[in-house]
Amino acid sequence: TDPNGRTIARCTVGSTDVNKAMVSSGYATAYRHYSADYVPDEERARGARIGLWSGTFQAPDEYRRAAEKAARHPERRTTARAVSQGNCAIKGNRGSNGWIYHLPGRPYYDRTRAEEMFCSEAEAQAAGYRRSRAR
């Protein structure tokens, strides 16, 4: 178990290691904190650009760290006063493509309607947003 009491396990169906199959197919990442067993499988999937590796994504451990940080420090969220003073220019938008933030000068920034404003990329990520992918 991990420090939070969650079970860490190797899952199998018959002789098939399900964890290995998911990582090899690019549908999961190796959980390096507990084992290096699946790292070679992840590296092959990444090199072949399959599954998650065919695009960009926020690594699960980065997402968890940002969410935990946001939960511990809700006072660090952007205040209306900071936004009104023009100190925060990163636009956060929630839509069918997920929670995305847009930086000034990047594609889509001018036509994005902000649902939240952030003063830094770290702040946007801690709130659960990911950077927009310019096309």
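Predicted model: local features only at pLDDT ≥ 70, side-chain atom pairs only at ≥ 80, totals over all residues.
Residues are numbered from 1 along each chain as its sequence is written, and side-chain values use heavy atoms, leaving out hydrogens and water.

**Exercise 1.** Find which residues lie nearest the centre of the largest pocket.

Solution. Start with the term: on a 1 Å grid over the protein atoms alone, a pocket is an open set of points where a 1.4 Å probe fits, with protein on both sides within 12 Å along at least five of seven lines, and lining residues have an atom within 4 Å of a point. Next, the space: about 550 Å³, a volume being what probe spheres set on the points fill, with points joined across faces, edges and corners. Finally, of 20 lining residues, Tyr-31, His-33, Pro-60, Asp-61 and Arg-64 lie nearest the centre.

**Exercise 2.** Work out which residues are closest to the centre of the second largest pocket.

Solution. Begin with its space, about 390 Å³. Then look through its 17 lining residues: Ile-8, Ala-9, Asn-19, Tyr-31 and Tyr-38 are the closest to the centre.

**Exercise 3.** List what Ile-90 touches, leaving aside residues up to four places away in sequence.

Solution. Take contact as heavy atoms within 4.5 Å. Ile-90 then touches Tyr-101, His-102, Leu-103, Glu-116, Met-117, Phe-118, Cys-119, Ser-120 and Glu-121. Now turn to the largest nonpolar core, whose seven residues are Ile-90, Tyr-101, Leu-103, Phe-118, Ala-124, Ala-127 and Tyr-129. Such a core joins buried Ala, Val, Leu, Ile, Met, Phe, Trp, Tyr and Cys residues through side-chain atoms within 4.5 Å, where buried means under 20% relative accessible area (1.4 Å probe, protein chains only).

Conventions:
Buried < 20%, exposed > 50% of the residue type's maximum accessible area, 1.4 Å probe, protein only.
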